[in-house]
Amino acid sequence: MSTGPGADSAPAPKPEYDDTHADAQPQEPRGGTFRSLKVRNYRLFATGQVVSNTGTWMQRIAQDWLVLSLTGSSAAVGITTALQFLPMLLLGLYGGVIADRFPKRQLLLITQSAMGLTGLALAVLTLSGHVEVWHVYLMAFLLGVVTVVDNPTRQAFVAEMVGPQELRNAVSLNSANFQSARLVGPAVAGVLITAVGSGWAFLLNGLSFLAPLAALLMMRTGELHKVERAPRGKGQLREGLRYVAGRPDLVWPIVLVGFIGTFGFNFPIWLTAFVDDVFHAGAGTYGLLNTLMAAGSLAGALLAARRGTSRFRLLVGAALLFGVLEIAAALAPAFWVFAALLVPIGMFGLTINVTANSGVQLATDPAMRGRVMSLFMMVFVGGTPLGAPIVGWITDAFGARIGFLAGGLISAGAAAGVGLMLARVGGLRLKLDLRRGHRHVEFVPRVAAPDSAEPGGRAAEGPAEEGRLSAAA
């Protein structure tokens with residue numbers, strides 16, 4: 001249901017992504033980790049998504065196993081993954097234009113139906129014994145094309161369901177939803193593949209999309225937060241790019257997410273290499289490591305849901321720690337140290353995604369949100385076809401440890417660079433204070449306000465002037 005009077009015509013949210021200073025950022029209403037679920041429309045949406053996400057994870061495992069069974073080639077599995085992500089890299093921005101131009105609920109009814117049909121088509125081909133590897137390639141590519149529209153539409157639709165005040169919590173719960181399915185889906189897929197074959201996993205995935213379709217149809221449209229749609233017109237794609245280019249509070253989080261998504265999130269490559277080459281273990285160990293990462297990601301999503309703000313310092317700090325932890329894991333002397341480090345790596349990786357996602361959405365004009373989120377997802381997800389071959393080559397040529405170390409170094413370096421750029425744009429400088437009882441490291445304004453002197457003659461560390469970015473630690 002609506003979050004309060006006037007919800008049906010809620011005004012565009014003001015930027016909440018620390019674009020002034022911490023005190024100016026409105027606080028979200030308190031109500032617990034799961035407060036967004038009090039909104040009926042979002043509760044329906046989340047229920048449908050947990051079912052379809054479980055099916056999606058089942059299909060991912062079954063699809064990879066089927067390709068490996070048909071070809072005996074790991075490279076063929078990589079081609080399947082690249083084909084699924086390639087449309088987002090090539091066409092992602094056009095998906096955002098469509099998301100801004102048409103009603104999002106109706107678009108989701110179309111895209112979710114199409115995604116279900118790809119699963120059913122693979123099920124028919126596999127269960128009938130006629131499946132060939134090019135069928136899987138084709139379905140992976142078609143699924144990627146549908147995702148180009150579905151992803152930015154689904155991201156932007158969250159704001160219409162819960163409103164700006166609960167957006168961050170809802171984005172966090174979406175991530176928790178996805179990670180919960182990640183714990184269940186692969187296990188179910190493994191049982192199904194062993195017992196009756198991959199075809200049944202595809203069938204259940206196709207049928208799982210009935211849940212989100214039913215949820216969308218059951219929503220009360222009068223309780224959605226109305227957002228003005230972009231009219232038809234030329235140059236809307238360029239307009240979206242110009243909008244982002246003129247907003248440092250959007251550019252730099254997207255740049256940071258791009259570096260980390262391209263070079264820091266290649267865990268299938270690293271984990272398989274560590275299991276096979278470093279620890280000389282089998283598929284069970286690989287499954288354990290994935291489960292540990294998923295558990296950390298789920299914990300990160302639930303912790304993010306409790307926080308009430310999206311701030312640059314949290315994004316940059318999480319990215320820096322993410323890179324440092326990857327470096328530590330690359331150098332881990334024993335299996336149990338490596339395995340234990342995957343939990344916080346998963347937690348901070350999820351924190352990066354949620355903080356950047358919700359922060360960018362809140363800082364964006366609602367009429368531009370689809371285009372901005374399509375750019376966000378294009379950079380974050382679309383970087384995989386570019387980064388995976390590079391990271392894979394480094395891992396093959398120099399070993400698993402060097403490959404993982406390279407990803408961690410790039411992630412940490414990107415975090416440090418973006419943090420310094422945000423401080424520069426926001427008129428801030430890094431302050432070190434080693435005195436007891438004081439914050440040791442923080443960003444403060446380069447020039448203190450002239451009327452902000454404290455007793456004793458020391459200048460107060462007031463906020464940067466109105467309108468500037470702030471990364472106050």
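Begin this tour of a predicted model by selecting Phe265, which is partly exposed, with a relative accessible area of 29%. The rings of Phe265 and Phe267 form an edge-to-face aromatic pair, 5.9 Å from centre to centre and with 75° between their planes.

Next, select Phe380, whose ring also forms an edge-to-face pair with Phe265, this time with 5.6 Å between the centres and 80° between the planes. Phe265 lies in the loop between H9 and helix H10 (267-278), while Phe380 belongs to helix H14 (residues 369-382), so this pair ties together parts that are 115 residues apart in sequence. Phe380 counts as buried, at 14% relative accessibility.

Now widen the selection to the aromatic cluster that contains Phe265, Phe267 and Phe380, and whose other members include Trp270, Phe274, Phe322 and Phe404. Across the whole structure, a search finds 18 aromatic pairs.

The crossing of H9 and H13 is left-handed.

Finally, show the side chains where these helices meet: Asp249, Leu250, Pro253, Val257 and Ile260 in H9 are in contact with Ile352, Ala356, Val360 and Ala363 in H13. Sorted by class, the contact of H9 with H13 has eight nonpolar residues, one charged residue and no polar ones.

How values were computed
Residues numbered from 1 in each chain as written. Predicted model: local features only at pLDDT ≥ 70, side-chain atom pairs only at ≥ 80, totals over all residues. Heavy atoms only, no water. Left-handed = near helix turned anticlockwise from the far one by under 90°. Helix = DSSP H or I, 4+ residues; strand = E, 2+ residues; numbered from the N terminus. Contact = heavy atoms within 4.5 Å. Nonpolar A, V, L, I, M, F, W, Y, C, P; charged D, E, K, R; others polar. Phe/Tyr/Trp six-rings, centres within 6.5 Å; stacked < 30°, edge-to-face > 60°. Buried < 20%, exposed > 50% of the residue type's maximum accessible area, 1.4 Å probe, protein only.
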